[in-house]
Amino acid sequence: MGAAVGTDGTLTVIRDLGLKEPYVGSIGLLSGEIADDVALYFAESEQIPTVCALGVLVGVDQSVTAAGGYLIQLLPGAGDEVIDKIEAGVSRVGPVSRALKRGAGPEELLREVLRDFDMETLETHPVEYRCGCSRERVARVLLSMGRRELEELIQEQKGAELTCQFCDAVYRFSQRELERLLEEA
């Protein structure tokens, strides 16, 4: 995968932490191997020692038949014995694609890597791409600009078009809608 991705670029992570602005972290690509570069991102940008392993199985028709992986992060104060056990588990399991080929699911894969630990699954969530943006949230952003800037937007542009940084949804506000926002403020 590294040859296809290359190393002339950056890995940028944008996280909505519920604050006014999203957190944006970025690093230069090191190897182009996605798992290696994700682990490097956590080590450099968030300063969390991380193991990341990913795998993908591609069918004869070039479609993805299975994909998966794991991300393990050390808690502060983790000792060398914890690191040694995790490294041993990663080596023992080997490439994620091999585990996927034999049908291992996410929890089974993690249990194999962490079998030297007393692992307990507290909850599971499906992995999905979703964004929490909405027209109402975008309207609040417009209001947060302040009365004067909103009035200038109405005067100069006769409306507004905002694009979500996460999902690329476009929200358009007519001049009348912006005027209503001003009245509500």
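Student: In which strand does Ala67 lie?
Tutor: This is a predicted model. Residues 64-73 form a strand, and Ala67 lies within that run. The strand is β4.

Student: Is Ala67 buried or exposed?
Tutor: The relative accessible area of Ala67 is 56%. Exposed means over 50%. Ala67 is therefore exposed.

Student: How many Å apart in space are Ala67 and Gly55, C-alpha to C-alpha?
Tutor: In sequence, Ala67 and Gly55 are twelve residues apart. In space, their C-alpha atoms are separated by 5.7 Å.

Student: And how many Å apart in space are Lys85 and Val138?
Tutor: Lys85 sits in helix α3 and is partly exposed at 35% relative accessibility. Along the sequence, Lys85 and Val138 are 53 residues apart. From C-alpha to C-alpha, the distance in space is 47 Å.

Student: How much accessible area does the nonpolar patch of Val5, Ile34 and Leu54 have?
Tutor: Ile34 comes from helix α2. At 42% relative accessibility, Ile34 is partly exposed. Together, Val5, Ile34 and Leu54 have about 240 Å² of accessible area.

Student: How many aromatic pairs are there?
Tutor: Ring centres must lie within 6.5 Å to pair. By this rule, the count is one.

Student: Why is the pair of Tyr41 and Phe42 edge-to-face?
Tutor: A pair of aromatic rings is described by the distance of the centres and the angle of the planes. The centres of Tyr41 and Phe42 are 5.3 Å apart, and the planes stand at 70°. Planes over 60 degrees apart count as edge-to-face. The deciding angle is therefore 70°.

Student: Are Tyr41 and Phe42 buried or exposed?
Tutor: The cut-off for buried is under 20% relative accessible area. Tyr41 and Phe42 are both buried.

Student: How many salt bridges are there?
Tutor: The test is a side-chain nitrogen of Lys or Arg within 4 Å of a carboxyl oxygen of Asp or Glu. By this rule, the count of salt bridges is eleven.

Student: How many residues apart are Glu46 and Arg15?
Tutor: Their side chains meet in a salt bridge, at 2.7 Å from N to O. Glu46 is in the loop between α2 and β3, while Arg15 is in strand β1. Arg15 is partly exposed, with a relative accessible area of 32%. The pair links distant parts of the chain, and the separation is 31 residues.

Student: What separates Glu152 and Arg148 along helix α7?
Tutor: The two form a salt bridge, with the closest N and O atoms 3.6 Å apart. Glu152 is partly exposed at 34% relative accessibility, whereas Arg148 is exposed at 65%. Both residues are in helix α7, four residues apart, so the separation is about one helical turn.

Student: Which strands hold Glu161 and Arg172?
Tutor: Glu161 and Arg172 form a salt bridge, with the closest N and O atoms 3.0 Å apart. Both residues are exposed. The pair ties together parts eleven residues apart in sequence, because Glu161 lies in strand β5 and Arg172 in strand β6.

Student: Which residues do salt bridges that share partners join into one network?
Tutor: Such a network rests on shared partners. Its members are Arg102, Glu108 and Glu112.

Student: Where is Gln47, which has a positive phi?
Tutor: Phi of Gln47 is near 55°, in a residue other than glycine. Gln47 counts as exposed because its relative accessibility is 64%. Its place is the loop between α2 and β3.

Student: What is phi of Lys158?
Tutor: Lys158 is found in the loop between α7 and β5. At 47% relative accessibility, Lys158 is partly exposed. Lys158 is a residue other than glycine, yet its phi is positive, near 60°.

Note on methods: Residues are numbered from 1 along each chain as its sequence is written. This is a predicted model: local features need pLDDT of at least 70, side-chain atom pairs count only at pLDDT 80 or more; totals for chains, interfaces and linings use all residues. Side-chain values use heavy atoms; hydrogens and water are left out. Rings of Phe, Tyr and Trp (its six-membered ring) pair if their centres lie within 6.5 Å; planes under 30 degrees apart count as stacked, over 60 as edge-to-face and the rest as tilted. Buried means under 20% relative accessible area, exposed over 50%, partly exposed in between (1.4 Å probe, protein chains only). Helices (H or I, at least four residues) and strands (E, at least two) are DSSP runs, numbered from the N terminus. Patches are made of residues with over 30% relative accessible area and no salt bridge: like charges are joined within 9 Å, nonpolar side chains (Val, Leu, Ile, Met, Phe, Trp, Tyr) within 5 Å. Accessible areas come from the Shrake-Rupley method with a 1.4 Å probe; for residues, only the protein chains shown count as cover.
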